[in-house]
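Here is a short report on a protein chain.

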Amino acid sequence: MEVKRWEAYVSYFQSFENFYVHKKNDLISLQEISSSLQLLKDKCLKLDCIKPGDIVAAKYENDGLWYRAKILNSVKGAFTAQFIDYGNSELLSNFKKLPKKLASYHALAYQCTLDNVDEEYKIKVNNEAYYDIVFEFITSIEVVLTVLNYEEPYLVKMKWDERNIKVFLNNFFSYGITHQTYETLKKIDQIDKMMQVTLIYTESINEFYIETEDSEQIKNKIEYELENGKVWEAVIEYKIGKMVIAKRATDNRWYRVRILEINEIGITCYFIDYGIKEICTEFYEVFGYLKSAPPFIKRCSLHMPNVKKKKLFTYLSQSFVDEMAQYINQKMFIRIMKPGEPWVVELFVDGLNVAKVIEPKPVVIFQVNHVNAITIQVNSPGRLVVIDKLSKIENLPFVQKPQVDKIYGAFINNQWFRVKLMKSLSKKLMDVILVDYGGCIVQVEKLFALPKHIENVKFFFTHCSLGLDERYFSTQKLRQLCSKKTEFQMMVLQNNFIDGHCILIMSDGKDVKQLIKKD
């Protein structure tokens, strides 16, 4: 299917499953139609001349303007009609005949459904307090739609500000960040800036918190203002997403919060400077520095442009949380790739890009003792080059006195291999490891010097576990999947340098554990 992308505006929003958009390219036509409709001189049609299915000019009483409309049904001396260039339906009573030229334009509102929306968001948007803010936001922005099918209602993915619209829904429903708050926070940020930070805690790959070098100063000033504030004004209007000063129910201290939910239990708030959610009491208007100061901890999301599949993000998130657990409260560096909320960042620990560390690696499997005892070899581009070059070499210089732990060439079964010398068993035999083939140990009589560009290529193999219950998964099926040339994608879910890392392996995009279940 050819992927269609539209630059568009939402003309009418009822829910995530039912909204209408204007294509940006249609706006001139839309203006021409609107101008022509307002100039119509014909008298209004008698209602008994109208029937369901007719396309007419209809007057919208809220603004007194004329629009193209399709008659849906009659209701007690009036008709329900849908404005075909906007999407909404209304009960109307003033209609005019539509000239042929205006009737010839196709409907300029396209019905859409947002792809894969969380059920929680669908339920919340039915609440008027949430709906009004979502409606105001989504009908005021230019969006980019990726269309996933061929007919109405069009199933679409939606982006704004180069981010999936679900990021903004999550911002609003989970953190109380409205459109206006997002824009305010974004103005503070500096894109592509490298800075030293301290990792505070990690919730997932899309939610981890850091402190910047300025955090301590900001924190001290905020806390001073909260503890020594003058007389505050009590909040009169309670609104979802509103930033206020509130007292935390558990410790009776004052905090900056955003209102998340209002119900009979109480008012749940997001603590701007601490990344937690709790019920608060005693609400006051925020002002001055308390209103303008940025959060002294910052929510971040890891920049991983090469990973597109949602399921992979679930596994990567597990890997990321495990990997970063050892670095809590330690300093590292970030580079801001996308400003706003959250920051989308590259994260560097000890000079290594964390995204590169945790992203799926191509591997081959060499030993399968059972599903929780396997040996994998990273199938890096360097390994493939080494294997290719060794296949073309005819002779290598003999080494008279090889040294333990050094890399050499060995001629085994009429083929050259890179090996690492472990020990000499006798004057004739030596134990060596096949460093490009899963660390298998073999015995050889002679070793040979490799060219430096082959000798120095890095290699990596390790012992791993799939973390599966052997009662339900077949070692034999796993062995049948594996050969020295079969490549898998591997992610480390939990580091374990003693018993073997717990890993996930995938074959052609499928989780291998689904392929090795016992019958």
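Two strands count as paired if DSSP finds at least two bridges between them. By that rule, β1 and strand β2 (residues 18-23) pair in the antiparallel sense, over six bridges. The model is a predicted one.

A hairpin of two residues links β1 to β2. V10 has V21 in β2 as its bridge partner. Strand β1 (residues 4-15) also pairs with β9, again in the antiparallel sense and over six bridges. Here W6 has L145 in β9 as its bridge partner.

**The five-stranded sheet**

Five strands make an open sheet in the order β6-β5-β4-β3-β7. The pairing is antiparallel. At the edges are β6 (89-92) and β7 (95-96), each of which pairs on one side only. Strand β5 (residues 79-83) is joined to β6 by four bridges, in the antiparallel sense. F79 has L92 in β6 as its bridge partner. Helix α1 (residues 27-38) packs on the sheet and touches β3 (55-60) and β4 (65-74). The direction of helix α1 makes about 85° with that of β4.

**The four-stranded sheet**

Another open sheet has four strands, in the order β24-β25-β26-β27, with antiparallel pairing. Why is one side of β24 and of β27 left without a neighbour in the sheet? β24 (407-412) and β27 (440-444) stand at the edges with a single partner strand each, so one side of each has no neighbour in the sheet. From one strand to the next the twist averages 50°. Strand β26 (residues 430-434) runs antiparallel to β27, and five bridges join them. D431 stands opposite Q443 in β27.

**The largest pocket**

The largest pocket holds about 1600 Å³ of space. Its lining has 39 residues, and the closest to the centre are N164, K166, V167, N206 and F313. Which elements give two or more residues to this lining? They are β9 (142-147), β10 (154-160), β11 (163-164), α5 (165-175), β18 (298-302) and α9 (310-324). By class, the pocket lining has 15 nonpolar, ten polar and 14 charged residues.

**The cavities**

How many cavities of 30 Å³ or more are there? The count comes to three.

| Cavity | Volume | Lining by class |
|---|---|---|
| Largest cavity | about 110 Å³ | eight nonpolar, three polar, no charged residues |
| Second largest cavity | about 60 Å³ | six nonpolar, no polar, four charged residues |

The largest cavity is lined by I133, V134, F137, F168, L169, N171, F172, I177, T178, H179 and Y182. At least two lining residues come from each of α4 (128-138), α5 and α6 (179-188). Which element has the largest share? It is α5, with four residues. Helix α5 also gives two or more residues to the lining of the largest pocket.

The second largest cavity is lined by L185, Y209, R258, Y270, I272, P295, I297, K298, R299 and E341.

**Backbone details**

The peptide bond from E152 to P153 is cis, with omega near -10°. P153 is placed in the loop between β9 and β10. The bond from E341 to P342 is cis as well, with omega near 0°. P342 lies in the loop between β19 (331-338) and β20 (343-349). E341 also belongs to the lining of the second largest cavity.

E162 is not a glycine, yet it has a positive phi of about 65°. Where is E162 found? It is in the loop between β10 and β11. Both of these strands give two or more residues to the lining of the largest pocket.

**Domains**

The chain is divided into domain 1 (360-378 + 461-514) and domain 2 (381-456). Taken over C-alpha atoms, their centres are separated by 26 Å. Seven residues from domain 1 and eight residues from domain 2 take part in the contact.

Key:
Residues are numbered from 1 along each chain as its sequence is written. This is a predicted model: local features need pLDDT of at least 70, side-chain atom pairs count only at pLDDT 80 or more; totals for chains, interfaces and linings use all residues. Side-chain values use heavy atoms; hydrogens and water are left out. On a 1 Å grid over the protein atoms alone, a cavity is a set of points where a 1.4 Å probe fits but cannot get out, and a pocket is an open set with protein on both sides within 12 Å along at least five of seven lines; lining residues have an atom within 4 Å of a point. Grid points are joined across faces, edges and corners, and a volume is the space filled by probe spheres set on the points. Ala, Val, Leu, Ile, Met, Phe, Trp, Tyr, Cys and Pro count as nonpolar, Asp, Glu, Lys and Arg as charged, and the others, Gly among them, as polar. Contact means heavy atoms within 4.5 Å. Axes are lines fitted to C-alpha atoms, for helices over the stretch in contact, and angles run from 0 to 180 degrees between N-to-C directions. Domain bounds come from an automatic or database domain assignment.
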